[in-house]
Amino acid sequence: MNVGQALKMAVKSILGNKMRSLLTMLGIIIGVTAVIALVSLGQGATKAVTDQVASLGTNLLTVNITGRGSTTTISYKEAEELANIEGVEYSAPANTQNGNVKFGTTSISVSVVGTTPDYADVRDYQLAAGRFVSQIDMDYYQKIALIGSSTAEELFAGENPVGQTVLINGIRYKVVGLLAEKGDSLSGSNDDVVIIPITSSERLFKSKGVKTIYVQVKEPEQMDAVVAELEAGLTKTFRGNENSYRVFNQQDVLDSFSSISSTLSLALGGIAAISLLVGGIGIMNIMLVSVTERTREIGIRKAIGAKKKDIMIQFLIESIALSGLGGLLGVGLGIGIAQVASKALNMGVSLSIPIMVLAFGFSVFIGVVFGLFPANKASNLKPIEALRFE
Amino acid sequence: MDAKQTNREPLIRIEQLSKQYKLGGETVHALSDISIRVNHGDFVAIIGPSGSGKSTLMNVIGCLDSPTTGSYWLDSEEVSRLKENKLAEIRNRKIGFIFQGFNLLSKLSALENVELPLIYRGVPAKLRKEQAVEALSKVGLEDRVHHKPSELSGGQQQRVAIARALAGNPPILLADEPTGALDTRTGVEVMGLMKQLNKQGHTIVLITHDLSISQQAGRFIRIQDGRISEEGGEMRERRASP
């Protein structure tokens, strides 16, 4: 007897007992469905996060300065010199403080960033209206400001802010530009912000120097070299104290996210394996019952010439067909649930073919493993005893 | 055909065959010192009351069980010491079983039931179907091909079983109380069919406890307490000679 014939018999037997077959497969179906749906949603979420990080620019380095002793900052000139190395596209020192911004009778607290003209390029800010900070603003300590889109919304409520005057910590600043909406990033909203020239900021907040330098590297390959050189420069500045600064790489963030996501996948895989195992035990259980129920059938088949191998193949194929069909239904259901959930929860899904193939393959494998015992039991029945069975 | 067959080795040659098995620590002598010859074209009835050992004898003849001692040549092949897989092959090729309870597979149609021995023989699908339909028409059921056993009467079911036994064209038909589950009228019909098959040249070994059934066979062998107690009836070659 060949496998095709056995498959025909298996399909017949499965269809002959639809309800029972469905219940038998349920364990596998639920297991595979859960894997496909969870992995799709999980990968979708991971992809959304990594895309967001990547949109900030993976070439972005952030230098945070904590300082040592009484020197907790470096001056912005020093910062610019520090970042003036091979492979750096732009660099922008920034002095971020919390300020009270007031327009008319509305007053809000917002982070005020004192920086240089390159900041727009480094942080990838676009202008919605007006202009950015220019060199001349810095040289003449101009009291001008750019406003983030959310801040503008709160202060001006739809009015055009360009040309208006706001009070930052009680000092009058002229709004010269409106930033385009940029969305949220890991460090919070990018639109709740007021940008002023760094020289004005130093005066306004009476704090010399910068605590942060944003550095845009030209090519990803130069990343390590730039980091090394920055660190060398910083070590010199802080006389060998490595705790005074920290160079922060966006790639590190990405890496830590992908490590979180792979741990998550592993955990999901473990849960899936357990549920498929339980499903497999269900299949074995029913197959054992089925062998007992069909003892007479086995006896008849053996009497008219079925060999041990024939009976073995018949039952093994039946359990594989059950688990394989369960796996297939599970994949379909999983895709469906992932799609529905993504619509309902407004989450991204990322369907992965290898995961589907793996889930299906594993369910077939479960069918083999858990079908072996019942099939072996069936094939070892003695024909005389099996024929006598009522 | 008859003249040719008389010179041939008997289809079944059983010599000094014994079968013992242990039952609750006691050895039961189910068969002792049995010698039987069945020639090609014979119609032999093995008769005996229940517990006489006739079922054990049928299991041995049908290659479902192996004897403890003695030898059994089936169609010129010693089969008493063969392994399980080899025995399955012998059953498939040499023996057509007809059981008391029909033993049809209830989920399969008449045709699929009849095809079953051919599937295990590895006959290709098309040829298999042809042979099965031919066997069904031999028993007069060519218009019931796609019926399930549950849609057939007892007599028809037994005829499907006979067709299944015939499908592989085995040298021997082994019938175990073929009329046992049938009423008298359909029993007579089935026996008529068996006799007709014997006339067509099929060798039949029939096991029964019913004397009137055994009398319809050409020969009878009576079994009592695991021994042959009486043999009677004509041998086929004598009966067939003018």
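Q: Contact means heavy atoms within 4.5 Å. With that rule, which residues does Gln126(A) touch, not counting residues up to four places away in sequence?
A: This is a predicted model. In it, Gln126(A) touches Leu179(A) and Ala180(A), once residues up to four places away in sequence are left out.

Q: Where is Gln126(A) found?
A: Gln126(A) is in a loop of chain A, between helix H4 (119–123) and strand E4 (127–130).

Q: And how far is Gln126(A) from Gly99(A)?
A: In sequence, 27 residues apart; in space, 23 Å, C-alpha to C-alpha.

Q: OK, stepping back. What domains does chain A have?
A: The domain assignment gives domain 1 as 3–52 + 255–388 and domain 2 as 72–237. Taken over C-alpha atoms, the centres of domain 1 and domain 2 of chain A are separated by 58 Å.

Q: What about chain A against chain B, how many residues does each put into the contact?
A: Chain A puts in 24 residues and chain B puts in 23 residues.

Q: How much area do chain A and chain B bury between them?
A: About 2,100 Å², with 58% of it on carbon and sulfur atoms.

Q: Why give it as an area?
A: Because the size of an interface is often given as the accessible area lost when the parts come together.

Q: How many salt bridges are there between chain A and chain B?
A: The count is three. Lys12(A) forms a salt bridge with Glu112(B), and the closest N and O atoms of that pair are 2.2 Å apart.

Q: And over all chains, what does the salt bridge count come to?
A: It comes to 21. One pair within chain A is Glu293(A) with Arg20(A), whose side chains meet at 2.8 Å, N to O.

Q: Where do Glu293(A) and Arg20(A) sit in the chain?
A: Glu293(A) is in helix H9 (residues 250–293) of chain A, while Arg20(A) is in helix H2 (residues 18–55) of chain A. The pair links distant parts of the chain, 273 residues apart.

Q: New topic: cavities. How many of 30 Å³ or more turn up in the whole structure?
A: The search finds four. The largest cavity holds about 80 Å³ of space.

Q: What lines the largest cavity?
A: Ile304(A) is part of the lining, along with residues of chain B, among them Arg91(B), Phe97(B), Arg121(B) and Pro170(B). By class, the lining has six nonpolar, three polar and three charged residues.

Q: Which element gives the most to that cavity lining?
A: E6(B) does, with three residues. Strand E6 covers 95–98 of chain B, and helices H3 (84–94), H4 (110–121) and H6 (154–167) of chain B also supply at least two residues each.

Q: Then the largest pocket: how much space lies in it?
A: About 960 Å³. Of the 40 residues that line the largest pocket, the closest to its centre are Ile384(A), Arg388(A), Ser55(B), Thr56(B) and Asn59(B).

Q: Which elements each supply at least two residues of the largest pocket's lining?
A: From chain A, helix H13 (383–388); from chain B, strand E1 (12–23), strand E2 (26–38), helix H2 (54–61) and H3.

Q: And how does the lining of the largest pocket split by class?
A: It has 13 nonpolar, 14 polar and 13 charged residues.

Terms used:
Residues are numbered from 1 along each chain as its sequence is written. Chains are lettered from A and ligands numbered from 1 in the order in which they are written. This is a predicted model: local features need pLDDT of at least 70, side-chain atom pairs count only at pLDDT 80 or more; totals for chains, interfaces and linings use all residues. Side-chain values use heavy atoms; hydrogens and water are left out. Domain bounds come from an automatic or database domain assignment. On a 1 Å grid over the protein atoms alone, a cavity is a set of points where a 1.4 Å probe fits but cannot get out, and a pocket is an open set with protein on both sides within 12 Å along at least five of seven lines; lining residues have an atom within 4 Å of a point. Grid points are joined across faces, edges and corners, and a volume is the space filled by probe spheres set on the points. Helices (H or I, at least four residues) and strands (E, at least two) are DSSP runs, numbered from the N terminus. Ala, Val, Leu, Ile, Met, Phe, Trp, Tyr, Cys and Pro count as nonpolar, Asp, Glu, Lys and Arg as charged, and the others, Gly among them, as polar. Buried area is the accessible area (1.4 Å probe) that two parts lose on being put together, summed over both. A salt bridge is a side-chain nitrogen of Lys or Arg within 4 Å of a carboxyl oxygen of Asp or Glu.
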